[in-house]
Amino acid sequence: MKKLATIFTALAVIPAFVFAQQSVPLTAPKAQSYTPLSKLNPGEYLPKTMLVKVTPQFRSACGPNSIAIDAVQKYFSSLGVYSVEKTFPTVKAPEKATNAWGAPMIDLTTIYTVKFNADMDLEKAIGKLFNMGFFEYVEPYFIPSTKLTPNDQFATSASSYHIYKIVAASTSGMSGWDISTGSASIVIGITDTGTELSHPDLTNQIAYNTADPIDGNDNDGDSYTDNYRGWDVGMNDNDPTWQGDAHGVHVSGCASAQVNNTIGVAGSGYNCKFLPVKIADASGTLIASYQGITYAADHGCKVINCSWGGTGGGSFGQNVIDYATNNTDALVIAASGNNSQDQAFYPAAFDRVLSVASTGSNDIRSSFSNYNYTVDVCSPGSNINATWTGGSYTTQSGTSMASPVCAGAAAIVRAYYPSYNALQAGQRLKQTTDYIYSIGSNSLYMNKLGTGRINLYKALTDPAAPSIVWENKLTTDNNDNAFVINDTMFITGDFKNYLANATGVTATLTAVSGGTYVTIIDGSTSPGSINTLQAVNNGPADPFKVKINTNAPANQNVIFKVSITDGTYTFDYFFTEVVNVDYINVAINDVSSSITSKGLIGYNMDAQQQGLGFTYMNSGSLLYEASLMIGKSSTAVSDMARGTTTPDVDFASLSTVRVVIPSVVSDFDLDGKFRDNIAPTPIPVTVHHKAYAWSAPPSTKYIMVQYVMTNTSGSTLSNIYAGIFADWDIDATTYNDNRAGEDVTNKMGYVYHTLPGIYCGVKLLSNTAPFLHYAIDNVQGGAGGVDLYTNGYDAAEKYTTLSTGRATAGFTTGTGNDVCDVVSAGPYTINPGDSAVVAFALIAGDDLADLQGAGRKRQPVAELSEPG
């Protein structure tokens, strides 16, 4: 459910190219939020494939297989895009803004799957497209996997303990099935590798679509011909029979095997039917997982099971979950993962998904099961006997089993409580679990196995009680929202009650991990009375307030718990804040950027994450990436810029960048220190870096950066060059129309668009070594210069761009092309223990004259020569 995990206890108890008119985005794009590819294995995403969602104001540009925005089309041409297809071609746009419960309706009609063949790094392709400002998000196409751990695969019988453990059935006393056996009107969508349509324990449980019999016609007009017995979304046909991997056969039986037919096993959903939705290709690879969710949601499934997932998460997946939940009132249930790790696993970890971990017959966490604050409940998943191929049965283990067992129970809850919406049904299951943290080793995973193991009987019989969820958390420092030492964080959110009315509600905030690095100034709030489906926000009048202490390490995770009580029940929610981040946002004049603790400028991470980029006035980011580079030879260059395959990571922070208070030089002084000790061929220097910005004319169009490089070795360093590599994207919508030039008199390299508009540049300020400038054509072959496009940016190419000159770039066509730029100084000779100083201004202007003028109007800053 809400991926601030919940615990509660009773106190008393895209090739059709259509060129369109030039369009300009209305606002700058927000930051990306997908899992960086550096954290994934290659098999976890499709190469050269992107998922994009066009912003609502450009809906008119969205065709079935084209996005008719000229800037986008031009970029697609440069990428070699050969396929642009709507990801959800049959989905219709919502007709109203919110659903019956006030939740926003989700539009999936502007999402496209884009495939290209150019030899460009996927994340770079994504970042360039996203920066155009026409898209809500641009992400990789993640590929999840099934979550089954085989065990005694050829067994023909085993105990059906799980049915008794969740108290669906009982050998003594009342059980859930004594209260309700569900209803055929409640359908469970099994999104998986397919099923076995003829299995004797499954064939009668399929939710057949009698409105579209198999006759070659689309009788029900839903754009799926003959989808009488489900659909194969992966292969786009009407046969959901499993291929390549029989995983889905077993999952189908866990939830929906026929009960009381004298054969086989019993599914937890009893009378509830299931809809087989195959999301795999012929090999069993899950190529259409989230499309499967939308198919199930659009075809009436009130519960959707996802016994699959991966560690790749982003806005696309959450979009699909919200569509299923808000637009179609479907409860999505998903496996928490089989990596035996404290790990967020998707889609289970998305908001509004019921995440299910696995337990065994003894209620102890299954050894393979993930555990995490995002887990909502547990369900039996070890040694589950269910349907298999050829009409047989077998025992399997995995969160893939736990999830459908839970899904079957959820379907009965939905049948028994017809007035409940999807999230209410999920909350009811969470609210009525059996407490298991006191059993065996479960205490080692406190609060990370959800509220406990599901109990169907209690879900159907326990007295009505509140179920308060803390949603829409917002944390701000009322400044730049980069939380550093001495900042105060103001934390607010919606306290939403999904079930029975609550009175006297109070909430307290505590730190359960990393608490020594923060001080809670105000840790309590009183929402008061909250009626069913009502939400109360604690801001701005009564936020939680937390100050970051001076002892906080860089990028320290602090885990907080919000405990909500109405005097009888307590509901606990957990969330993480990263404090003392190792970058500072500089946003006090006409240009804004981020200064990091490790030589990067604009963004603190790859994939344009953490930072402002570089903006001018109300522009979007004009910068894809930038980094300090220090070079000694063609084999020894240290930097944090792109490499041959992935970004080079050569600098390590010694002193996290900080705001100097009071400012000494400018209106906003920054100070920090890093060193090169992790490059393949390290250069023995420490770098004391500073940054300055002014808020009043004539100094509002630049940020100054200064680097003091100290030789920490016992030998003299010769032929040292230092400079800034910048991949500028001036007018990100048409950055392929950029050119680069130089102004030797003003010691400046600059980039501009071939149409009149913004200029950006880097100006060498220091006089300690000669000015150098190298303009790079970021096109295949390099247009006579270094070729970054084809095989990346290696050390030899970096040293060339630091130590030699190339005046211009972007003249391969009449309208320009993608360019990068390096402004540097050198050579330096640095004796042991001595330092060399180099300083630059990062400048923007309305045109070249404005850019040059801004550089000449810089504030006088004494150049320092100091030991590291």
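**Close-up 1. C760 is a buried cysteine.** At 0% relative accessibility, C760 counts as buried (under 20% relative accessible area; exposed is over 50%, partly exposed in between; 1.4 Å probe, protein chains only). The model is predicted: local features need pLDDT of at least 70, side-chain atom pairs count only at pLDDT 80 or more, and totals for chains, interfaces and linings use all residues. Residues are numbered from 1 along each chain as its sequence is written, and side-chain values use heavy atoms, with hydrogens and water left out.

Close-up 2. C62 is buried, at 17% relative accessible area. The count of disulfides (pairs of cysteine sulfur atoms within 2.5 Å) is zero. C760 is in no disulfide. Its nearest cysteine sulfur belongs to C820, 14 Å away.

**Close-up 3. Helix 9 is largely enclosed.** Helix 9 spans residues 422–431 (helices are DSSP runs of H or I, at least four residues; strands are runs of E, at least two; both are numbered from the N terminus). Why is helix 9 largely enclosed by the rest of the structure? Because 10 of its 10 residues are buried. Among them are L423, R428 and K430. At the helix start, a side-chain oxygen of N421 comes within 3.1 Å of the backbone nitrogen of L423.

**Close-up 4. The second largest pocket.** This pocket holds about 1100 Å³ of space. Of its 41 lining residues, D121, E123, T645, T646 and P647 are closest to the centre. Helix 11 gives the largest share of the lining, four residues. Strand 2 (45–54) and helix 2 (122–130) are among the elements that give two or more.

Methods: Polar contact = N/O pair within 3.5 Å; in protein donor to acceptor, adjacent residues only side chain to side chain. 1 Å grid on protein atoms, 1.4 Å probe; cavity = no way out; pocket = protein on both sides within 12 Å on 5 of 7 lines; lining within 4 Å. Points joined across faces, edges and corners; volume = space filled by probe spheres on them.
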